[in-house]
Amino acid sequence: MELSIAKMTDILITGAGIVSAIGVGKDETLRSLLEERSGIRPLKYLNTTRREFPVGEVQLSNDEMCTLLGIDSNSQPTTRTALMGMLALKEALEQARLSPDLYQHIPLISGTTVGGMDKSEQYYLDFLEGDSRNEYIRTHDCGACTEMIADHFGRFQLLTTLSTACSSAANAVITGAELIRAGRADCVVVGGSECITKFHLNGFASLMILDRESCRPFDASRAGLNLGEGAAWLVLESSDHAQKRGAEPLAHLAGYGNACDAFHQTATSADGEGPYRAMKLALESVGITPNQVDYINTHGTGTVNNDLTECAALSRLFGEQVPPFSSTKAFTGHTTSASGTIEAVICLLAMQHSFLPVNLRFTNADSCQKPVSTATAKPLRYVLSNAFGFGGNDSALLFAQSSAEPVPAPKLITAEPISAQRPKVYLLSAAQISAQQPLCDDWIEHPEPLTEPLTRSREADYKQFIPPLEARRMGRIIKRAIATAKTAIDTAGIGIPEAIITGTGLGCIENTEIFLDALCREGEDQMMPTRFMSSTHNTMSSLVAINLQDHGYNVTYAHNTVSFQSALMDALLQLRRGAIGNAMVCAHDEMTPSYHALLCKGGFLAGKKATECSVSMVLASDNPGNALCEVAGMRMLYRPTEDERQQALDGLLKEADVTDYHLTDGYPDLFGTCYTSPALDLYAAAHLIKDKPLVVRYSDEKHYSLILLRPCSAC
Amino acid sequence: MEQLIQKLKQEIIEVLNLEDIKPDDIDANAPLFGTEGLGLDSIDALELIVLMEKNYGIRLQDPNQGKEIFKSISVMADYISKNRTK
């Protein structure tokens with residue numbers, strides 16, 4: 001297939017906002033950085049018994065944040081993650097001078113893992129018995145947090161949420177940039193937010209990676225990280241769009257890379273394969289050589305393991321000439337899911353004001369290289385920022401000075417114009433574990449009726465997929481993820497997929513619930529590390545990668561009912577611009593009777609046939625002849641008007657040159673309902689499609705999505 | 001001591017979810033970690049630290065201490081019998 005080779009769409013950053021332990025807003029943040037004032041302090045705001053751990057808390061109570069934002073906390077549910085997110089987003093939108101009438105054309109993409117956990121851990125027992133705080137049941141999920149942040153300002157075009165643990169916000173930036181490159185948006189708002197909770201404070205404590213003193217990244221005496229919290233947002237736009245409305249660029253987003261360490265759920269590899277690949281991809285994506293990088297804001301958590309791994313990766317990529325680097329987590333603490341954009345904003349400040357941020361509390365090196373330990377003025381042209389997450393979800397962002405010369409990018413393909421030249425995308429295989437017979441399509445001939453309010457999945461025989469020593473630590477959802485992934489890959493005959501992209505509404509909710517229950521009933525001592533490890537949303541995607549030894553692109557979306565559609569959108573964007581030739585798109589959700597009861601109280605599953613979902617499907621831009629169908633396009637919208645729904649359908653059909661088609665609203669009678677059941681709908685549609693193109697529609701009070709399938713007879 | 005060793009075997013099987021292993025399958029003197037013996041890893045070590053605190057009132061602050069203590073069930077039982085507070 002002939003593809004036009006051209007320069008990457010120039011992506012500018014025209015707004016930035018930040019809230020962290022070292023200040024509310026860019027001005028305070030800059031002052032703290034220049035005056036070397038750390039934000040690590042004794043605990044003040046979190047109500048916990050674990051007071052032995054210093055943290056980087058935002059120095060505002062929830063009430064104070066509500067006052068700053070003009071929110072009446074009695075009239076609407078708010079979480080600390082959402083409030084911090086709003087404060088930072090306000091600054092970014094104001095700086096970009098985006099008027100609210102533009103929001104409906106702008107996608108907003110966030111990163112978080114904690115989501116509404118601060119309120120869930122406060123009200124969990126009340127959810128079960130008291131019923132006085134049930135409005136907080138549905139603010140728990142990551143997507144709800146993004147919706148609260150966005151809704152405070154207006155109606156954005158599309159909302160989604162990345163949840164790849166500590167690289168979540170960095171991956172939100174990447175997805176946003178992909179939407180601009182694909183010509184799907186002129187402007188996107190991207191960021192992340194995360195507050196400290198008892199849940200992950202105790203989780204990190206159980207992994208024994210929290211320092212009881214202020215953290216010392218890269219120092220020989222380092223003994224762990226300090227948790228931090230905060231939020232940061234960026235406004236990204238195409239240079240054309242920025243020019244048209246006269247927006248001033250702060251910097252360019254010049255490149256990025258995402259790779260998977262595929263080594264261990266919580267530990268990092270000795271050779272730094274994931275970090276090395278992520279940084280290398282970021283440099284390659286823009287075509288600069290390692291010696292052009294002027295500064296690296298490292299992930300640098302201060303754990304023995306992370307810093308060694310990161311230094312190994314730096315040595316592999318930069319050799320003897322490692323550029324000046326530092327970890328600003330000694331200032332902010334580890335702001336986990338938000339760290340990707342918090343550190344991006346710190347990089348922007350360093351570029352604007354020409355200085356190298358100091359790595360506080362560094363005195364002695366071990367086998368790591370030495371970070372920047374004294375204040376240094378230096379003009380910065382290219383700056384790299386690293387963010388690595390549990391499960392080995394590693395990302396790197398590359399920023400360029402806005403006055404830097406145009407960046408050559410010979411390897412990249414612009415998406416403009418949307419044309420038939422783009423590669424088609426085929427669905428090669430799909431495997432499910434659900435309420436129907438697992439890992440087969442018996443449901444077509446012999447459907448199992450759904451008779452209960454909650455039908456849990458029929459389990460497959462996992463022994464053939466997972467060795468017992470590995471299986472013992474896996475919850476049911478993880479076993480299902482691996483079994484469906486291996487089945488889909490075998491059927492497609494593709495070997496190791498180039499990308500694994502997963503959607504999940506609630507992640508490993510069974511383990512999360514057990515951990516939360518123990519936390520609320522038994523107190524904060526003696527929490528079990530295995531439960532915590534399996535509570536992050538990216539556990540399935542990363543364990544599948546570890547199992548397959550897949551170092552390719554790997555992300556997880558967690559945005560309630562559009563988690564799967566977001567994952568599919570990401571895969572389509574990358575397949576269509578030729579960045580990858582194939583991708584595995586997965587959707588996994590599990591449900592316990594107790595959590596089902598909560599979600600019914602919260603209004604999501606009441607009156608529906610609730611189920612669980614595990615689907616893995618392989619998409620590719622080549623059809624070796626066995627494809628189930630073509631995925632000819634999709635649309636995703638947040639709170640669309642009737643007109644916008646119609647326009648979305650018309651646009652989708654026109655783009656694929658389709659006039660005669662069928663439309664389905666899914667197959668809830670066969671596969672039931674859960675956050676990712678739209679994946680089961682697509683799976684079923686791909687098997688049931690006959691002579692005509694088929695539109696699979698999903699619609700609820702907030703989200704609307706359309707996926708267009710074309711039968712292979714017409715591909 | 002023999003009684004404590006038996007009890008520990010049972011507790012370890014339970015907390016580490018070693019479904020296919022029975023107490024008698026475990027050699028009390030065999031290494032718990034690495035490729036010989038049970039083949040446990042660093043996360044199991046963290047679980048064993050929680051187990052020691054919960055069941056025997058022994059609090060370790062440095063995960064590296066575990067390397068010595070968790071050499072084998074016998075070594076672990078010996079350490080527990082000398083340091084237990086409950």
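**Figure 1. Cavities in the predicted model.** Four cavities of 30 Å³ or more are counted in this predicted model. The largest cavity has a volume of about 260 Å³. The views that follow turn to its lining, then to the contact of the two chains and to confidence.

**Figure 2. Lining of the largest cavity.** A total of 23 residues line the largest cavity. Those that lie nearest its centre are Thr113(A), Val114(A), Phe199(A), Ser535(A) and Thr536(A). Helix α7 of chain A, residues 198-206, gives the largest share of this lining, with three residues. By residue type, the lining of the largest cavity holds eleven polar, ten nonpolar and two charged residues.

**Figure 3. Contact between chain A and chain B.** Chain A brings 18 residues to the contact, and chain B brings 23 residues. The size of an interface is often given as the accessible area lost when the parts come together. Between chain B and chain A, the buried area is about 1700 Å². Carbon and sulfur atoms give 51% of that area. For the complex, the predictor reports an ipTM of 0.88 and a pTM of 0.96.

**Figure 4. Salt bridges between the chains.** Three salt bridges are counted between chain B and chain A. A salt bridge joins the side chain of Arg472(A) to that of Asp44(B), at 2.7 Å from N to O.

**Figure 5. Confidence along chain A.** The average pLDDT of chain A is 94, and 96% of the residues score at least 70. Over residues 1-7 of chain A, the pLDDT is below 50. In the model, this stretch, residues 1-7 of chain A, has 19 contacts beyond near neighbours in sequence. Residues 407-420 of chain A also have a pLDDT under 50. For residues 407-420 of chain A, the model has 34 contacts beyond four places in sequence.

**Figure 6. Confidence along chain B.** Chain B has a mean pLDDT of 91, and 100% of its residues reach 70 or more. Within chain B, confidence is highest in helix α4 (residues 73-83), at a mean of 96. Confidence in chain B is lowest in helix α3 (residues 65-69), where the mean is 88.

How values were computed: Residues are numbered from 1 along each chain as its sequence is written. Chains are lettered from A and ligands numbered from 1 in the order in which they are written. This is a predicted model: local features need pLDDT of at least 70, side-chain atom pairs count only at pLDDT 80 or more; totals for chains, interfaces and linings use all residues. Side-chain values use heavy atoms; hydrogens and water are left out. On a 1 Å grid over the protein atoms alone, a cavity is a set of points where a 1.4 Å probe fits but cannot get out, and a pocket is an open set with protein on both sides within 12 Å along at least five of seven lines; lining residues have an atom within 4 Å of a point. Grid points are joined across faces, edges and corners, and a volume is the space filled by probe spheres set on the points. Helices (H or I, at least four residues) and strands (E, at least two) are DSSP runs, numbered from the N terminus. Ala, Val, Leu, Ile, Met, Phe, Trp, Tyr, Cys and Pro count as nonpolar, Asp, Glu, Lys and Arg as charged, and the others, Gly among them, as polar. pLDDT is the predictor's confidence in each residue, from 0 to 100. Contact means heavy atoms within 4.5 Å. Buried area is the accessible area (1.4 Å probe) that two parts lose on being put together, summed over both. A salt bridge is a side-chain nitrogen of Lys or Arg within 4 Å of a carboxyl oxygen of Asp or Glu.
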